[in-house]
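Look over the sequence and the model, then read the points below.

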Amino acid sequence: VEEKTTGDLRGSKFAREYDLYTGLSIIQQNPLIGIGFNTDKYLKYSNQLGVVDENLNSSLLLDRPNTNGIIQTLYAIGIPLGGYLLIGLFRQRLFSNKIAIAVILIFSLYAEPLTFTPFFLLILLSWMLKERRKPMNLNHAS
């Protein structure tokens, strides 16, 4: 961990910080409806709004998509719809330990843009499934 945060391998840390701050800037510019799923549009915004640190090679950032799945959700579809989707992190119905699964999903989505893949969408949208009714017991004494 020390090597990744302060050692020779810390470039990944700087790139993730760039993705976070750039995504937040884009969300701030388009909070309600987002910018959509067009990668070219994201790259245009990131070139305008991205904050380049002296530790990053700015030429490598020009054609680099965002790697933060949570931020990608919010800048792509906006805060209202993205927030509604991300509620599923804590309210999903597929796994019994909701908090542990939510923590795992948050760490997974922070590191990779996986939100709109079928597996993650299945989990995130499962909270909207209707619960099955229990069958009525018709064998009661009269």
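Which residues have the most contacts inside the largest nonpolar core? They are I26, I35, Y42, Y75, L89 and L105, in a core of 21 residues. The model is predicted.

- The most comes from α5, which gives eight residues.
- In soluble globular proteins, nonpolar side chains tend to be buried together.
- L89, listed among the core residues with the most contacts, touches K98, A102, L105, I106, L109 and L124, leaving aside residues up to four places away in sequence.
- One of these partners, L105, is itself on the list of core residues with the most contacts.

**Helix α8**
- Helix α8 spans residues 118-125, and its buried residues are F120, I123 and L124.
- These three cover an arc of only 95 degrees around the axis, so they sit on the same side of α8.
- An α-helix has 3.6 residues a turn, so residues three or four places apart point the same way.
- The buried residues of α8 pack against α5 (69-86), α6 (88-91) and α7 (98-111).
- P118 and L122 are exposed, on the face of α8 turned away from its buried side.

**T73 in helix α5**
- T73 lies in helix α5.
- T73 counts as buried because its relative accessibility is 0%, and the cut-off for buried is under 20%.
- The T73 side chain makes a polar contact with the side chain of T115, at 3.0 Å.
- Leaving aside residues up to four places away in sequence, T73 touches G78, G82, L85, L86, T115 and F116.

**Salt bridge**
- The structure holds one salt bridge.
- D19 pairs with R64, and their closest N and O atoms are 2.5 Å apart.
- D19 is in helix α2, while R64 is in the loop between α4 (58-61) and α5, so the pair ties together parts that are 45 residues apart in sequence.
- Are the two partners buried or exposed? D19 is buried, with a relative accessible area of 0%.
- R64 is buried as well, with a relative accessible area of 18%, because the cut-off is under 20%.

How values were computed. Residues are numbered from 1 along each chain as its sequence is written. This is a predicted model: local features need pLDDT of at least 70, side-chain atom pairs count only at pLDDT 80 or more; totals for chains, interfaces and linings use all residues. Side-chain values use heavy atoms; hydrogens and water are left out. Buried means under 20% relative accessible area, exposed over 50%, partly exposed in between (1.4 Å probe, protein chains only). Helices (H or I, at least four residues) and strands (E, at least two) are DSSP runs, numbered from the N terminus. The arc is that of the directions from the helix axis to the C-beta atoms. Contact means heavy atoms within 4.5 Å. A polar contact is a pair of N or O atoms within 3.5 Å; within protein, one must be able to donate a hydrogen and the other to accept it, and residues adjacent in sequence count only if both atoms are side-chain atoms. A nonpolar core is a set of buried Ala, Val, Leu, Ile, Met, Phe, Trp, Tyr and Cys residues joined through side-chain atoms within 4.5 Å. A salt bridge is a side-chain nitrogen of Lys or Arg within 4 Å of a carboxyl oxygen of Asp or Glu.
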